[in-house]
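Hi,

Here is the structure I said I would pass on. Have a look, and my notes follow below.

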Amino acid sequence: PGPATEGRPMPDHGLQCLGEGPTVSMSRATSRGVTVVTIWASWCRPCRSEAPLIANAYRRYHDRVHFLGIDYAESDASEAISFAGDAGLTFPHLQDPDSTIQGAWQISGVPVTFIVRDGTIVTRHSGQWRSQRELDSAIDKVIKRTP
């Protein structure tokens, strides 16, 4: 498995559900259809600025697109759960308190968004989305692309 870049398979990491819950295989979770994977942390200012855009995209696309959040490099799950709830990020979230995805996923900072189709990374966006239009356009391109 190579780096988490466009055209490559989603790296297979097992991450635990945020708070409590089972470990989820990322390659399995992103293997069917279109999945938006957003990597964030409650302590990250750009993540806080971006959260309303992600929440709006989820409301708009949830019937066609899977959404999955990863709380990154944050030891206090309660802070993350509180932030996600306040921000309206009501889709499932996993946690990576020890930054285990950092190397394979080439994470140098958050937020990072992956848009995955049938297990393959189609879009990798580092940094926050600048506008709702920019985020929605990226999702639309992946939805409309034929496999």
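Strand β1 (residues 14-17) is joined to β2 by 3 bridges, and the two run antiparallel; Gly14 has Ser25 as its bridge partner in β2. Strands here are DSSP E runs of at least two residues and helices are H or I runs of at least four, numbered from the N terminus; two strands pair if DSSP finds at least two bridges between them.

This is a predicted model, with pLDDT of at least 70 needed for local features and 80 or more for side-chain atom pairs, while totals for chains, interfaces and linings use all residues. Numbering starts from 1 along each chain as its sequence is written, and side-chain values use heavy atoms, without hydrogens and water.

The open sheet has 7 strands in the order β2-β1-β5-β4-β3-β6-β7, with mixed pairing. Its edge strands are β2 (23-25) and β7 (120-126).

Helix α3 (residues 77-87) lies across β3, β4 (65-72) and β5 (93-96), at about 125° to β3. Helix α5 (residues 132-144) touches β3, β4, β6 (112-117) and β7, and its direction makes about 20° with that of β6. Contact means heavy atoms within 4.5 Å; axes are lines fitted to C-alpha atoms, for helices over the stretch in contact, and angles run from 0 to 180 degrees between N-to-C directions.

One more thing: α2 gives the most to the lining of the largest cavity, with 4 residues. A cavity is a set of points on a 1 Å grid over the protein atoms alone where a 1.4 Å probe fits but cannot get out, and lining residues have an atom within 4 Å of a point.

Cheers
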